[in-house]
Amino acid sequence: MKTVLIGVGQAGGKLTRELVDFDDRMEFGAVLDAVAVNSAKADLQEIPFETVLVGQDRVKGHGVGGDNELGADVMQSDKTEVLSALDDSVSAEAEAIFVVAGLGGGTGSGGAPVLVKELKRIYDVPVYALGILPGRNEGAMYQVNAGRSLKTVAREADSLLLVDNDAFRSSGESLEQGFDAINRAIAQRVGLLFASGEAVEGVAESVVDSSEVINTLRSGGIAALGYAAAESAEDAEGNINTVMSTTRRALLTGTSLPEASKADSALLVIAGEPDTIPRKGVERARRWVEEETGSLQVRGGDFPLRSGRIASLILLGGVERSDRLEAFMQRAKDAVKEAKEAEEREDPADAWSNDELDDLI
Ligand code: GDP
């Protein structure tokens, strides 16, 4: 799927960079172009592709400091500049646009929904968001920002592919090291998804087409992506059980939104050397995904890849009823309540004097 990426805010820019690197390294050619947008000048300095600094008149290149309303305002004021930077990037070849952002901060959280809405107005291709949810240990402000942004982005975008920072966190790492590892893990999974929708020359059977990715996301709302891989056997027969076990792991423990397994639609992609992909195993795995997700719309296909491993990649569409998401929304609501209570105690240091917080309750 030929994709144009727009990273908004710090996390959005860093993850977009990781996606571009992965696509280059693997020589997939699925990422057509990328642009990074930020209100903090320093965060744009390391970006090796086109950048746009927004809100210079308001925040003088210093960022919006976690204020996502200000993030939305500066994007609204400077949208013309952002859109003109995208003019050349979104060529006739483009099949999808992804707006990438951390939902818990300021620039990405506030700016992404505004940008998605504008892009939808202008372009005919689907406009998706790739949104990062704050981990449960992050502060109340992040939870509130993300709760509000998530609702708006999910409404405006053709689909919001959610990544929970807690899904990929490993212990013993600093926050920064942790982010880098998370970004690499996300880039690998999302990068494979973009690439799996690419035409592969010389391979006839069951190759995934971009339209299958788009159709899986057609129900809108919230999407998640699961992945697991294992050592491949030398022939297809030897991989029947492996395909089943990687598929189970991809869905049950490997998704970007833990505990999201009920879905409206799904796409199961098996990646590996073409002659080691077992038809029988793939069909069995697809039926299992149907049962497990409760969806009657489970698409499937192979992704030929030169590798000693075999991998299952599962895209889930329409996962908004997941327990994990409900737990997150509850966390965001609790954070709002605490902020309001602090406000009532007239403790301005802890309070957000913001009527829109009511939205979440
Ligand atoms: P912004 O620049 O104002 O949009 O704010 P950030 O992009 O820093 O957003 C903050 C949120 O994104 C928090 O929930 C962070 O945990 C998360 N975050 C920041 N940097 C990264 C990153 O590199 N990777 C990931 N996965 N999350 C990040």
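I start with Lys60, which counts as exposed because 10 other C-beta atoms lie within 10 Å. The rule is this: a residue is buried if 20 or more other C-beta atoms lie within 10 Å of its own, exposed if 12 or fewer, and partly exposed in between, with C-beta atoms placed from the backbone. Before going on, please note that this is a predicted model, where local features need pLDDT of at least 70, side-chain atom pairs count only at pLDDT 80 or more, and totals for chains, interfaces and linings use all residues. Residue numbers run from 1 along each chain as its sequence is written.

Lys60 sits in the loop between α3 (56-59) and α4 (68-77). For these labels, helices (H or I, at least four residues) and strands (E, at least two) are DSSP runs, numbered from the N terminus. The phi of Lys60 is positive, near 50°, in a residue other than glycine. Most residues other than glycine have a negative phi. Glu27 also has a positive phi, of about 55°, although Glu27 is not a glycine. Its place is the loop between α1 and β2 (31-38). Glu27 counts as exposed, because 7 C-beta neighbours fall inside 10 Å.

Next, the ligand. How many residues surround the ligand? There are 22, and the closest are Gly9, Gly102, Gly104, Gly105 and Gly108. A residue counts here if its C-beta atom, placed from the backbone, lies within 6 Å of the molecule. Two or more residues of this shell come from each of α1 (9-25), α6 (107-122) and α8 (175-196). The most come from α1, which gives six residues. By class, the shell has eight nonpolar, 12 polar and two charged residues. In this scheme Ala, Val, Leu, Ile, Met, Phe, Trp, Tyr, Cys and Pro are nonpolar, Asp, Glu, Lys and Arg are charged, and the others, Gly among them, are polar.

Gly111 is in helix α6. Gly111 is buried, because 35 other C-beta atoms lie within 10 Å. Leaving aside neighbours within four places in sequence, Gly111 is in contact with Val8, Gly9, Val37, Gly71, Ala72 and Met75. Contact means that the C-beta atoms of two residues, placed from the backbone, lie within 7 Å. Met75 is 36 residues from Gly111 along the chain, and their C-alpha atoms are separated by 5.3 Å.

Val20 is in helix α1. Val20 is also buried, with 21 other C-beta atoms within 10 Å. Again leaving aside neighbours within four places in sequence, Val20 is in contact with Val31, Ala34 and Phe49. The C-alpha atoms of Val20 and His62, 42 residues apart along the chain, are separated by 26 Å.

Now the domains. The domain assignment gives domain 1 (3-196) and domain 2 (210-317); such bounds come from an automatic or database domain assignment.

I will finish with helix α10, residues 240-252. Helix α10 has 13 residues and reaches 19 Å from its first C-alpha to its last, close to the 18 Å expected at 1.5 Å a residue. The expected span is 1.5 Å times one less than the number of residues. Which residues of α10 are buried? They are Thr242, Val243, Thr246, Thr247, Ala250 and Leu251. These cover an arc of only 155° around the axis, so they are on the same side of α10. The arc is that of the directions from the helix axis to the C-beta atoms. The buried residues of α10 pack against β7 (222-231), β8 (265-272), α11 (279-293) and β10 (309-317).
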